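Me: I am new to reading structures, and I would like to learn where the labels come from. Could you go through them with me?

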Amino acid sequence: MNEIVDETGGCLCGRVRYAFPQASVISAHHCHCKDCQKSTGSGKATIIVLPVEALQIEGEVKTFTVVGSDGSHVTRGFCGDCGSPLLSYVAEMPEIKFIKAGSLDDSSWVSITSSYWKKSAESWSPVAEGLPAFAGNPEN
């Protein structure tokens, strides 16, 4: 990783590492869609939105692509050795990547601005009160 970066993260086993400048972060959200629930094994995914050119990755990221709840093509990236979920991206939005906040080395600075897919949030992992929440994906 050549460029000066503020934030780093990676998988459990350390074979995949990433870095990006914190100033490049567009936003951060909780996603409660069924695909994110399945891919995280939890009630939601907490994602950080970045421009694709801001992200530096070292190591091999395995991917799996699905057609998401709204018809978009969502690719999720994970470590092929330990299985840690690391990132995702949508084919129809090639300019951005979504980093899984739990894979950051230090996530104390992350500030969530909204929740997506409120309509599929589980009662045991409810949408955060006081934040804007969209029934599905936000309208562009």
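Reply: Gladly! Let's start with strands: a strand is a DSSP run of E with at least two residues, numbered from the N terminus. Two strands pair if DSSP finds at least two bridges between them. This is a predicted model, where local features need pLDDT of at least 70, side-chain atom pairs count only at pLDDT 80 or more, and totals for chains, interfaces and linings use all residues. Residues are numbered from 1 along each chain as its sequence is written, and side-chain values use heavy atoms, leaving out hydrogens and water.

Me: What makes β3 and β10 a pair?

Reply: Pairing needs at least two bridges, and 3 bridges join β3 (residues 27–31) to β10. The two strands run parallel, and H29 stands opposite S114 in β10.

Me: Why are β6 and β10 called edge strands?

Reply: The open sheet has 7 strands in the order β6-β7-β8-β9-β4-β3-β10, with mixed pairing. Both β6 (61–67) and β10 pair on one side only.

Me: Why is the pair of F20 and W109 called edge-to-face?

Reply: Rings of Phe, Tyr and Trp (its six-membered ring) pair if their centres lie within 6.5 Å; planes under 30 degrees apart are stacked, over 60 edge-to-face, and the rest tilted. Here the centres are 6.4 Å apart and the planes are at 65°, so the pair is edge-to-face. F20 belongs to strand β2, while W109 is in the loop between β9 (96–100) and β10 (114–116), 89 residues away.

Me: How do you know whether F20 and W109 are buried or partly exposed?

Reply: Buried means under 20% relative accessible area, exposed over 50%, and partly exposed in between (1.4 Å probe, protein chains only). F20 has 0%, so F20 counts as buried. W109 has 22%, so W109 counts as partly exposed.

Me: What makes a nonpolar core, and which residues have the most contacts inside the largest one?

Reply: Such a core is a set of buried Ala, Val, Leu, Ile, Met, Phe, Trp, Tyr and Cys residues joined through side-chain atoms within 4.5 Å. The largest has 14 residues, and Y18, F20, I48, L55 and I99 have the most contacts inside it. A second, separate core of 12 residues includes C31, V74, F98 and W117.

Me: How do you know that the charged end of K97 sits over the ring of Y89?

Reply: The rule asks for NZ of Lys or CZ of Arg within 6 Å of the ring centre and within 35 degrees of the ring normal. The charged end of K97 is 4.6 Å from the centre of the Y89 ring and counts as sitting over it.

Notes: Helix = DSSP H or I, 4+ residues; strand = E, 2+ residues; numbered from the N terminus.
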